Each structure stands twice: as C-alpha cells, then as structure tokens.
Amino acid sequence: MVIAIDLGSNTFRVALIKKEQNGFNNEQIYEKIVGAARGLNESGKIGFEAKNRLFEAIAEAKSKFDFTKFKCVAVATEAFRVASNSEEIFSEIREKFGINFHIIDGQAEAKLTFLGVQNALRKIGINDKFSIIDIGGASSEIGEDGKFISFKFGIITFYERFKALDLMQENAKIYTKEAREFLTSLDNKLIVLTSGVPTTIAALKLGLNYESYDPEKVSGYELKNDDLAWFVNELLKMDDRSADVAVGRSRKYPLIAGTLLLKELLNGQEAKFIVIDDGLREGVGAAYLRGIFQEIITKF
C-alpha cells in the first residue's frame, strides 16, 4: 500500500491505496480545500493564508494516516509550478512534516490522472476508449491515452480575473478556444469528467451536499448538457450560507466559473459524459504500485 497525495491548485487530496486483483482501491481518503491558487494572479506567490490552510491540512492528514508504516508519494501541480515561493514552502514541509513533494508538469499530471480514471472506469465495468477533462484550480488537463495537453486556465485563476458573472460568461469561450479545438480533434465517444466541478454537479443532482458527498455514488454519473445550466442557476438562487452547506465553504463562485468553462468545452460534443471522482491522487498511487511513477514524472 502507499499514501498518495495530490496537492492541487485548490484541493489537497490524500488516499491510502491498495493493489488488488481488480486494480487499485482507496482504503482511506481525506481531502480539504486549501485554495493554493487564491491571489496567485496578483502576487505570483502562494499566499500566507493558503500556506496556513495547507499546513493545517497536512497536520490533519498526518493524524489520520500512518505515515510511519506506509511510503508517501506526493505531487503538486500548476499553482506550485508558477509560484515563486514554492520551493521555500516545500522545504518547510520537508522539515516540519517529513513529506517530499514532486512538482510535476502538466503532461505528467494528465498521464497520472488518466491512469486514476482508467482504474476507476474498469471497476465500474467500462473498458471503452475515453478522453479526460480535468479542470483544476489553475490549469486544465485534456487528452486521451498518449496525447495530452495542459492548458493555462483553471477555476480559481479564471474567477479571480473576472469576478462578475457577465464577464465570466463573456470570456469563458475565449479562454477555452484552443482547448475546445484540441478536444474536438480527439476520438470522443466517451469523455470522462473529473475534478471538483463535475463531481459537485453530480453530487447536487443526486441530492448530496458537501458533508454527505459520497465518491462511490458520484462515480459513474452520466452528466447531461442541461445539468450545467441547472447547476449555475441553483447556485445563483442560493444565499452564501446555503451554498456553503450545499457545495462547501466559499466554493459557490469558483464553481460557477468552472461550470462556465466546462460548458464551453463540451459545447457541440456528441460524446457521452461520465463523471469520475478518482483522478490524479489515485493515478499517483497506481503508478507507484506499478513501478512506473518515476518514469512518468521524469519522461514528461
């Protein structure tokens, strides 16, 4: 078994992953919104408050998982690729918590996410060829096996750049133009949607809120185009307190931003859209247990 950590531009996700006959399974999971990309557009750094949230999340994870018994493999993504103080933060984490983070590039992130999604699809009986869309906090990874691109837009950075709903609606199509063209070039009969936006849409459609969220119920949900407009309208009808309960604290507007980006990406696609909760975190664990983690993060 291995403890796999995905430190994204918005969310800190941890899982204890076990190799079994049918693939790889999560024995224990933990996640927390840390908002690493908040303020990154303006300062170029991981902010003080985001750093504190991250350190609190690591401390919580250390209290829940047996880091003395299992190997820990940790990766960090786009916010930490661009922030000028990433190395300083990770040096402090190594000293304080004994965890060594690998800052991986977008290609490696996409490949590892693909592996995590592939494993999850097989567990629910889907073995078809598929493409992935992973809209993160500061970057988005799109592709199919052997062909991936990481694009420089994400829900936090996009929301913080425009803030107002009308401006986000105006700019979503512009920001996703190249990504949409790339997605159209792929063999898209099945598009798998992973990360916080589609999983939260699926959860709300299933009657789940932030506290009752169940990854096993969400994985396999078939998302329809109408679900995106429905989700934005539902969030806009909620006051901030109700939204905090429904989708998580301070997530209302970034989720709206991300849904507008996803709506533009999926516009005109004839594929079936399946939501999968598993992603980079599970891919890191699967790659390590298969002995290919180092090869993936150094190849790309």
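Two strands are said to pair if DSSP finds at least two bridges between them. The legends below describe a predicted model.

**Figure 1. Overview of the predicted protein, with 15 helices and 11 strands.** The radius of gyration is 18 Å, close to the 19 Å that the globule rule gives for 300 residues, so the protein is as compact as a globular protein of that length. Along the principal axes, the C-alpha trace spans about 50 × 45 × 35 Å. Of the 300 residues, 56% are buried. Among contacts with a separation of 6 or more, 71% are made by residues 24 or more positions apart. The protein exposes about 13400 Å², and carbon and sulfur atoms supply 45% of that area.

**Figure 2. The six-stranded open sheet, with strand order β8-β7-β6-β9-β11-β10.** Pairing within this sheet is mixed. Its edges are formed by β8 (147-151) and β10 (221-223), each of which pairs on one side only. Neighbouring strands are turned by 25° against each other on average, with direction ignored. Helix α8 (residues 177-185) packs on this sheet and touches β6 (131-135), β7 (140-144), β8 and β9 (190-194). The direction of α8 makes about 170° with that of β8.

Figure 3. Y221 stands opposite V275, which belongs to β11. Strands of a sheet pair through backbone hydrogen bonds, either parallel or antiparallel.

**Figure 4. The five-stranded open sheet, with strand order β3-β2-β1-β4-β5.** This sheet also has mixed pairing. Strands β3 and β5 are its edges, and each pairs on one side only. From one strand to the next, the twist averages 20°. Helix α14 (residues 280-290) packs on the sheet and touches β1, β2, β3 and β4. The direction of α14 makes about 40° with that of β2.

**Figure 5. Close-up of strand β2 (residues 11-20) and its antiparallel partners β1 and β3.** On one side, β2 pairs with strand β1 (residues 2-7) over 6 bridges. These two strands form a hairpin with 3 residues between them, and V2 has I17 of β2 as its bridge partner. Strand β2 also pairs with strand β3 (residues 23-33), in this case over 10 bridges. A second hairpin, through 2 residues, joins β2 to β3, and K18 stands opposite N25 of β3. Of the 10 residues of β2, 7 are buried, so the strand is largely enclosed by the rest of the structure.

Figure 6. A76 has I103 of β5 as its bridge partner. Is G98 buried or exposed? A residue counts as exposed over 50% relative accessible area. The relative accessibility of G98 is 62%, so this residue counts as exposed. G98 and N41 are 57 residues apart along the chain, and their C-alpha atoms are separated by 30 Å.

**Figure 7. The largest nonpolar core, a set of 79 residues.** Which members touch the most other members of this core? They are F12, I93, F101 and I133. Helix α13 (residues 252-266) contributes the largest share of the core, with 8 residues. Leaving aside neighbours within four places in sequence, F101 is in contact with I5, L7, F12, I58, A74, V75, A76, F90 and I93. A second, separate core has 18 residues, including A15, V75, L112 and A287. In soluble globular proteins, nonpolar side chains tend to be buried together.

Technical notes: Residues numbered from 1 in each chain as written. Predicted model: local features only at pLDDT ≥ 70, side-chain atom pairs only at ≥ 80, totals over all residues. Heavy atoms only, no water. Helix = DSSP H or I, 4+ residues; strand = E, 2+ residues; numbered from the N terminus. Axes fitted to C-alpha atoms, helices over the stretch in contact; angles between N-to-C directions. Contact = heavy atoms within 4.5 Å. Rg over C-alpha atoms; globule rule 2.2 N^0.38 Å. Buried < 20%, exposed > 50% of the residue type's maximum accessible area, 1.4 Å probe, protein only. Areas by Shrake-Rupley, 256 points an atom, 1.4 Å probe, with all protein chains shown as cover. Core = buried A, V, L, I, M, F, W, Y, C linked by side-chain atoms within 4.5 Å.
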